[in-house]
Amino acid sequence: MSTITIHLKNKEEETLMENLLKKMKISFEKSEDDFELTDEMKRVIDERKAKNHKEFTPAREFLKKIKEDNGI
């Protein structure tokens with residue numbers, strides 16, 4: 001038996017795939033909790049939550065600075 005993993009963007013896509021697989025009489029199993037944060041991911045999230053949000057730099061401004069710093 002083979003396994004195929006499909007990552008769907010939203011509930012609409014999920015419903016579409018379920019209906020399609022049922023019509024084709026293909027058995028499937030949904031897994032809602034197939035993602036788990038690593039310890040490093042949790043650490044980064046905690047660090048970001050602890051930061052002073054007044055020091056936030058908009059993405060465009062940050063990218064501009066990176067380009068200038070690296071001569072891009």
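## Basis of the model

In this predicted model, local features need pLDDT of at least 70 and side-chain atom pairs count only at pLDDT 80 or more, while totals for chains, interfaces and linings use all residues. Residues are numbered from 1 along each chain as its sequence is written, and side-chain values use heavy atoms, with hydrogens and water left out.

Side chains of opposite charge can pair when their charged atoms come close. Here a salt bridge is a side-chain nitrogen of Lys or Arg within 4 Å of a carboxyl oxygen of Asp or Glu. Under this rule there are seven salt bridges.

One of them joins E14 to K30, with 2.6 Å from N to O. This pair links distant parts of the chain, for E14 belongs to helix α1 (residues 11-23) and K30 to the loop between α1 and α2 (39-50), 16 residues apart. Helices (H or I, at least four residues) and strands (E, at least two) are DSSP runs, numbered from the N terminus. E14 is buried, at 16% relative accessible area, whereas K30 is partly exposed at 43%. In these terms, buried means under 20% relative accessible area, exposed over 50%, and partly exposed in between (1.4 Å probe, protein chains only).

In helix α2, R43 and E47 are four residues apart, about one helical turn. Their salt bridge has its closest N and O atoms 2.6 Å apart. R43 is partly exposed at 41% relative accessibility, and E47 is partly exposed at 44%.

Helix α3 (residues 59-70) holds K65 and D69, which are four residues apart and so separated by about one helical turn. The side chains of these two residues form a salt bridge at 3.0 Å, N to O. D69 is exposed, with a relative accessible area of 54%, while K65 is partly exposed at 48%. Elsewhere, salt bridges with shared partners connect K11, E14, E18 and K30 in one network.

L8 lies in the segment before α1 and is partly exposed, at 35% relative accessibility.
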